Amino acid sequence: MSFSENYVENKVVEVVRGAEKGLTFEELREYLESQGIYLNSVELRKVVASLIKRGTLCKYPSFERRKLLLKLCR
């Protein structure tokens, strides 16, 4: 099943909003897949990059996890 980019963007924002401490890209992909939304990494990265460029999502370093976390920008 193919999903529109707008639908995927809205779902990504919804998922990240629900994660108070933020999510890694891998955690985001795993959650979407558990909801039946299967995208290859390149497509999902394009959606995430678009949301970052528009200022909807921000990346924050997590030193204890040694990963970048995606969070909603304030």
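## Second largest pocket

The second largest pocket has a volume of about 160 Å³. A pocket here is an open set of points on a 1 Å grid over the protein atoms alone, where a 1.4 Å probe fits, with protein on both sides within 12 Å along at least five of seven lines; lining residues have an atom within 4 Å of a point. Grid points are joined across faces, edges and corners, and a volume is the space filled by probe spheres set on the points. Val16, Arg17, Ala19, Glu20, Gly22, Tyr60, Leu70, Lys71, Leu72 and Arg74 form the lining. Helix H1 (5–18) and E2 are the elements that give two or more residues to this lining. E2 gives the most, with 3 residues. By class, the lining of the second largest pocket has 5 nonpolar, 1 polar and 4 charged residues. Ala, Val, Leu, Ile, Met, Phe, Trp, Tyr, Cys and Pro count as nonpolar, Asp, Glu, Lys and Arg as charged, and the others, Gly among them, as polar.

## Basis of the model

This is a predicted model: local features need pLDDT of at least 70, side-chain atom pairs count only at pLDDT 80 or more, and totals for chains, interfaces and linings use all residues. Residues are numbered from 1 along each chain as its sequence is written, and side-chain values use heavy atoms, with hydrogens and water left out.

## Largest pocket

The largest pocket has a volume of about 200 Å³. Its lining consists of Thr24, Phe25, Glu26, Arg45, Val48, Ala49, Ile52, Lys59, Leu68 and Leu70. At least two of the lining residues come from each of helix H2 (25–34), helix H3 (41–53) and E2. H3 gives the most, with 4 residues. The lining of the largest pocket divides into 6 nonpolar, 1 polar and 3 charged residues.

Leu70 is listed in the lining of the largest pocket. Leu70 is also listed for the second largest pocket.

## The strand pair and its hairpin

Strand E1 (residues 57–62) and strand E2 (residues 67–72) run antiparallel and are joined by 6 bridges. Strands pair if DSSP finds at least two bridges between them. Helices (H or I, at least four residues) and strands (E, at least two) are DSSP runs, numbered from the N terminus. Lys59 stands opposite Leu70 in E2. Both Lys59 and Leu70 are in the lining of the largest pocket.

The hairpin of E1 and E2 has 4 residues between the strands. Arg66 is in this loop. Arg66 has a positive phi of about 60° although it is not a glycine. Is Arg66 buried or exposed? Arg66 counts as exposed because its relative accessibility is 77%. The cut-offs are under 20% relative accessible area for buried, over 50% for exposed, and partly exposed in between, with a 1.4 Å probe and protein chains only.

## The disulfide

A search of the whole structure finds 1 disulfide, defined as a pair of cysteine sulfur atoms within 2.5 Å. The disulfide joins Cys58 to Cys73, with an S to S distance of 1.7 Å. The link is right-handed, with 110° about the S-S bond. The pair connects distant parts of the chain: Cys58 sits in strand E1, Cys73 in the segment after E2, 15 residues apart.

Cys58 counts as partly exposed because its relative accessibility is 22%. Cys73, at 23%, also counts as partly exposed.

Leu57 is in strand E1. Leu57 is buried, with a relative accessible area of 1%. Which residues does Leu57 touch, not counting residues up to four places away in sequence? They are Val12, Val16, Val48, Leu51, Ile52, Lys71, Leu72 and Cys73. Contact means heavy atoms within 4.5 Å. Leu57 and Cys73 are 16 residues apart in sequence, and their C-alpha atoms are 5.2 Å apart in space.

Two charged residues of helix H1 follow: Glu9 and Lys11. Glu9 counts as buried at 10% relative accessibility. Leaving aside neighbours within four places in sequence, Glu9 is in contact with Val47, Ser50, Leu51 and Arg54. Lys11 also counts as buried, at 16% relative accessibility. Lys11 touches Leu32 and Ile37, not counting residues up to four places away in sequence. Leu51 is listed among the contacts of Glu9, and also among those of Leu57.
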